[in-house]
2 protein chains.
Amino acid sequence: MDYRFADTMKHFQSSAVREILKLTQGKSVISFAGGLPAEELFPAAAIREAFNRIFEQGNSALQYGLTEGFLPLREALCARMARKNMRVTPRDMLVTTGSQQAIDLLAKVYLDPGDTVLVQEPTYLAALQVFQSHGAKVISVAGDPNGMDPEQLEAKIAEHRPKMVYVSPTFSNPTGYVWSLERRQALLDSCRRNNVLILEDDPYGELQYGSDETYPSIFSLDQHPESSAVVYTSTFSKIAAPGLRTGWVIGDPTIIRSMAQAKQAADLQSSTMDQQALYYLLRDFDLDGHIALIRANYEERMRLMVSLLEGLGRSDLRWNEPKGGMFLWLELPETLHAEHLLPLAVEKGVAFVPGSSFYAERPKHNTIRLNFTHSDRETMITGMERFAAALEEISVRV
Amino acid sequence: MDYRFADTMKHFQSSAVREILKLTQGKSVISFAGGLPAEELFPAAAIREAFNRIFEQGNSALQYGLTEGFLPLREALCARMARKNMRVTPRDMLVTTGSQQAIDLLAKVYLDPGDTVLVQEPTYLAALQVFQSHGAKVISVAGDPNGMDPEQLEAKIAEHRPKMVYVSPTFSNPTGYVWSLERRQALLDSCRRNNVLILEDDPYGELQYGSDETYPSIFSLDQHPESSAVVYTSTFSKIAAPGLRTGWVIGDPTIIRSMAQAKQAADLQSSTMDQQALYYLLRDFDLDGHIALIRANYEERMRLMVSLLEGLGRSDLRWNEPKGGMFLWLELPETLHAEHLLPLAVEKGVAFVPGSSFYAERPKHNTIRLNFTHSDRETMITGMERFAAALEEISVRV
């Protein structure tokens with residue numbers, strides 16, 4: 001057979017993270033690469049209880065369910081959303097197999113090949129993969145730690161006439177940056193004026209460290225519930241457990257209905273078991289108390305990583321102290337390529353993701369994404385020692 | 001906002017089954033419409049035990065897993081496949097969110113808009129939706145209860161140069177037909193000769209009634225494991241429980257790798273919980289004994305439906321006595337439209353799917369798909385009485 005794959009497959013980039021995992025296979029490598037939450041913090045006992053509740057409901061709990069998602073779960077999520085000034089009903093919501101599926105379904109119903117999507121620079125790798133897999137043209141908009149530059153956004157909208165802007169304004173992947181209220185409002189105003197749909201991806205919003213400042217979602221700033229400019233997605237992966245593979249997406253009911261049709265063709269529905277378990281978890285477990293615990297723990301890990309970076313005593317490195325999320329963004333001297341540092345680091349027993357993976361255009365090769373949520377104290381200390389050794393070695397070579 | 005949906009959304013048909021469910025909402029309607037397995041036969045106690053095993057493994061069971069699927073589950077499935085002469089290794093297999101996702105992922109990696117797919121006439125509705133959603137042209141090949149007509153297949157391949165043929169040769173949805181060995185071999189030969197990929201969808205293969213005859217999969221007939229002309233998919237939905245949303249797909253590793261890349265963008269991975277539960281179910285539970293029990297029970301239901309149809313004493317109806325699967329295919333007199341019968345039937349308290357939904361071209365409006373697996377004895381008797389009354393009424397009117 002001479003297989004004849006679709007043209008769109010040529011747009012697929014292999015995930016840098018997966019390639020790194022291959023490099024590390026069979027070796028004892030400490031990983032700052034993945035975006036994994038800390039296993040030891042999963043509320044396993046409560047999740048087990050939640051599954052027990054399911055089996056008490058009888059066999060119908062194991063039957064096919066609605067494509068739109070388990071109704072009691074959607075109702076409970078609507079109540080959670082309302083606390084953040086996102087006022088929606090179950091018909092404005094679709095339960096998805098992680099928020100990744102929400103990105104894919106919206107791309108499917110909204111993008112034709114050749115359509116343009118604007119993204120932050122840098123941005124979430126697997127979102128880039130989705131847009132490319134649908135044949136879309138992806139254009140970057142530069143910004144700073146406060147968010148996208150509003151003038152450049154206007155200019156790129158005028159130049160490229162995009163159908164959609166994809167943003168992750170709260171503790172974003174890979175940088176950990178959080179947008180100011182002004183930048184959120186500016187994006188919303190621009191997009192409304194130009195009829196550009198906003199996809200707001202918010203997997204990390206609950207993982208806030210330090211201040212009590214609140215960061216309203218762009219969805220909540222939009223006062224047009226029936227013709228919303230924003231489609232908003234979030235997930236249980238970071239606040240409960242990723243193995244339950246459950247996210248949700250809210251937006252105008254025409255868009256949600258269309259995404260539900262696409263989901264019907266894609267997989268009929270997400271796991272009935274996981275959806276029901278999460279409903280009982282929301283009902284019977286103090287998820288907010290649990291989130292407070294995760295926050296405190298992750299903040300400690302983040303501060304440790306920052307202090308270890310400081311301890312390197314290198315004035316040629318720059319990094320942020322993230323106000324939330326799972327990642328720290330590190331800039332090496334411009335002469336150093338993170339891709340060249342990586343094999344050296346893996347040799348010494350530590351892995352990270354070169355920042356270049358997160359750019360749709362013009363990658364900055366001297367950047368690195370470091371995950372701080374998956375390593376305990378001792379592992380992080382050892383990992384950073386190895387990282388420092390690799391950095392010393394490559395600095396001498398250059 | 002003036003939403004600008006993708007052109008492909010225009011190809012989406014709303015599912016007839018869903019429209020019927022809307023009709024029946026809030027009413028006490030007996031449904032022969034859905035393709036639901038019998039809840040009372042789900043091995044709930046064994047599934048509960050399987051979930052308990054997961055929680056004994058510790059928290060890592062709740063972490064992100066491989067896109068390709070939980071390795072021990074793939075290994076166990078390979079062993080099951082080998083019993084049916086399908087010799088594959090885990091790298092030839094991808095675990096999916098039901099076999100529906102396997103169809104969608106293969107369409108995604110293999111079909112460009114405008115490409116042609118050949119299908120049986122009639123065929124699985126949600127597969128038609130997938131192909132249409134990817135902008136493919138879908139062409140029907142006629143056949144008879146023994147399978148696709150080989151001459152017409154050759155002619156349509158010559159005329160339309162398809163990239164793919166989609167078939168469900170064993171107890172197919174909607175007809176319940178099973179292909180002869182000769183027809184299976186003829187399809188394989190034609191497709192190999194013409195470099196056309198076969199997607200073999202086998203959700204019902206284990207649900208065999210009556211005879212001990214074996215129906216080898218087309219995949220097993222193909223003696224080229226490294227350059228297979230066949231991609232084969234099946235599911236746990238009909239032999240364990242659909243709420244676990246787990247299927248699998250096997251094929252040449254280049255194709256499987258490509259589908260795994262597409263899955264990474266689509267949803268990263270399927271539910272870790274469900275995959276692990278099914279692994280423990282395969283390991284600790286007598287699934288084959290359970291399948292034997294389902295078979296016996298469903299065969300009884302099928303024979304009851306057949307005898308009730310016979311009891312109507314109408315010489316103008318034709319139906320098959322399926323050798324397996326979940327459906328019976330009924331033909332009304334050509335003057336009667338099943339779409340016109342449906343609202344009348346729903347009024348009397350019974351629902352079914354008009355057969356026209358299952359045609360890519362030239363629908364036969366006098367056909368009906370009846371599900372016999374979801375109704376118990378009493379329900380089926382009452383449902384068939386109502387069906388008969390609706391049929392009487394419309395026959396008088398015509």
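What follows is a short chat about the interface, some helix pairs, a salt bridge and the backbone.

Q: Before we start, what am I looking at, and how is it numbered?
A: This is a predicted model, in which local features need pLDDT of at least 70 and side-chain atom pairs count only at pLDDT 80 or more, while totals for chains, interfaces and linings use all residues. Residues are numbered from 1 along each chain as its sequence is written, chains are lettered from A and ligands numbered from 1 in the order in which they are written, and side-chain values use heavy atoms, with hydrogens and water left out.

Q: How many residues of chain B are in contact with chain A?
A: 84 residues of chain B are in contact with 84 residues of chain A, contact being heavy atoms within 4.5 Å.

Q: And what area do they bury?
A: About 7200 Å², with 53% of it on carbon and sulfur atoms. That is the accessible area (1.4 Å probe) that two parts lose on being put together, summed over both.

Q: How many salt bridges between the two chains?
A: Two, where a salt bridge is a side-chain nitrogen of Lys or Arg within 4 Å of a carboxyl oxygen of Asp or Glu. B:D104 and A:K108 form a salt bridge through their side chains, at 3.3 Å from N to O.

Q: Which helix of chain B gives the largest share of the side touching chain A?
A: α9(B), with nine residues. Helices here are DSSP runs of H or I, at least four residues, and strands are runs of E, at least two, numbered from the N terminus. By class, that side of chain B has 34 nonpolar, 31 polar and 19 charged residues. Ala, Val, Leu, Ile, Met, Phe, Trp, Tyr, Cys and Pro count as nonpolar, Asp, Glu, Lys and Arg as charged, and the others, Gly among them, as polar.

Q: How do α2(A) and α2(B) run, parallel or antiparallel?
A: Their axes come within 11 Å and cross at roughly 180 degrees, so the two helices are roughly antiparallel. Axes are lines fitted to C-alpha atoms, for helices over the stretch in contact, and angles run from 0 to 180 degrees between N-to-C directions. Under 35 degrees counts as roughly parallel, over 145 as roughly antiparallel, 65 to 115 as roughly perpendicular and the rest as oblique. Residues making the contact include A:F51 and A:F55 of α2(A) and B:F51 and B:F55 of α2(B).

Q: And α9(A) with α4(B)? What's the angle?
A: About 100 degrees, with the axes 5 Å apart, so these two are roughly perpendicular. A:Q264, A:A265, A:A266 and A:D267 meet B:Q100, B:Q101 and B:D104 there.

Q: Switching topic: what does A:E40 pair with?
A: The side chain of A:E40 meets that of A:R301 in a salt bridge, 2.9 Å from N to O. A:E40 lies in the loop between β1 and α2 of chain A and A:R301 in α11, so the pair ties together parts that are 261 residues apart in sequence.

Q: Now the backbone. Where are there cis peptide bonds in chain B?
A: One joins B:E121 and B:P122, with omega about -5 degrees, and B:P122 sits in the loop between β3 and α5. Another runs from B:N173 to B:P174, with omega near 15 degrees.

Q: What about phi at B:N85?
A: B:N85 has a positive phi of about 60 degrees and is not a glycine. Most residues other than glycine have a negative phi. B:N195 also has a positive phi, about 55 degrees, and is found in the loop between α7 and β8 of chain B.
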